[in-house]
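Thanks for coming. I will go through one model, looking at its charged pairs and then its rings. Please have a look at it before I start.

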Amino acid sequence: MLKTNLATRPFYNQGAVRVWLAGIAIVVALATAFNVTRLIQYSRSDTELATQAARDETRSAELKAEAAELRASVDGRQVEAASLEARLANDLIDRRTFSWTELFNIFEATLPADVRITAIRPRIEEDRRIVLTIAVLARGVNDVDEFMENLEGTGVVKGLLSRDERVNEQDQLEATLETVYVPKASTPQVAPVRAEPEEGAAGRGTGTVKP
């Protein structure tokens, strides 16, 4: 039996092509819808961020203006006066807690026979530490070393150093000691800072006090 396609045009399966084209169209439509949705979301997010940034800039400008107004309203002389009063108050507190009697008792207990104190000058640092500068006159280096060892043994001084040493015309050693003074916990005895003790008040030849 003869089986021959005598049609002038070949036969195509048009249904399958239509289904394939419809699938492609659906995919394209879904992708387009997704892209449009994301674009709208990003546009809204950018708008919100821009609005927030504008609000932040406005608030920053307001705060700067308030700070400038406050600075303009502050009287520099009042601030300086308050600072001076605070320093004076702290100085008075430190002076009340500094006992000359206690310090002289320590020197009396630690001063060797051949060492004489010629000057004492306390200084209160910004961190509220009390720094003592002690000028002594001794027969020799060994006597000064003994005095320093005795002071360190009391536990009321820290970082005791000899800043300057020289031999005078009488062949005596003049030394300048410096140390941080840490008074023992006790009831302070108020004494004038610039008062000069009587002869022998610190025992064993204590000299003039120079605060």
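**Salt bridges, a patch and ring pairs**

Asp-143 is buried, with a relative accessible area of 10%; buried means under 20%, exposed means over 50%, and partly exposed lies in between, using a 1.4 Å probe and protein chains only. This is a predicted model, where local features need pLDDT of at least 70 and side-chain atom pairs count only at pLDDT 80 or more, while totals for chains, interfaces and linings use all residues. Residues are numbered from 1 along each chain as its sequence is written, and side-chain values use heavy atoms, with hydrogens and water left out.

What does the side chain of Asp-143 meet in a salt bridge? The partner is Arg-139, at 3.5 Å from N to O. A salt bridge here is a side-chain nitrogen of Lys or Arg within 4 Å of a carboxyl oxygen of Asp or Glu. In general, side chains of opposite charge can pair when their charged atoms come close. Arg-139 is exposed, at 59% relative accessible area. Asp-114 joins Arg-139 and Asp-143 in a network of salt bridges.

The count of salt bridges comes to seven. Another one links Arg-123 and Glu-125, at 2.6 Å from N to O. Arg-123 is partly exposed at 29% relative accessibility, and Glu-125 is partly exposed at 25%.

Glu-62 and Arg-59 also form a salt bridge, at 3.4 Å from N to O. They are three residues apart in helix α1, so about one helical turn separates them. Helices are DSSP runs (H or I, at least four residues), numbered from the N terminus. Glu-62 is partly exposed at 39%, and Arg-59 is partly exposed at 44%.

Helix α1 covers residues 14-73 and also holds Val-28. Val-28 belongs to a nonpolar surface patch with Trp-20, Leu-21 and Ile-24, with about 410 Å² of accessible area together. Patch residues have over 30% relative accessible area and no salt bridge; nonpolar side chains (Val, Leu, Ile, Met, Phe, Trp, Tyr) are joined within 5 Å, like charges within 9 Å. Areas come from the Shrake-Rupley method with a 1.4 Å probe, and for residues only the protein chains shown count as cover.

Now the rings. How many aromatic pairs does a search of the whole structure find? It finds two. Trp-100 and Phe-104 form a tilted pair, 5.6 Å centre to centre, with 35° between the planes. Rings of Phe, Tyr and Trp (its six-membered ring) pair if their centres lie within 6.5 Å; planes under 30 degrees apart are stacked, over 60 edge-to-face, and the rest tilted. Both Trp-100 and Phe-104 are buried.

Note on methods: Helix = DSSP H or I, 4+ residues; strand = E, 2+ residues; numbered from the N terminus.
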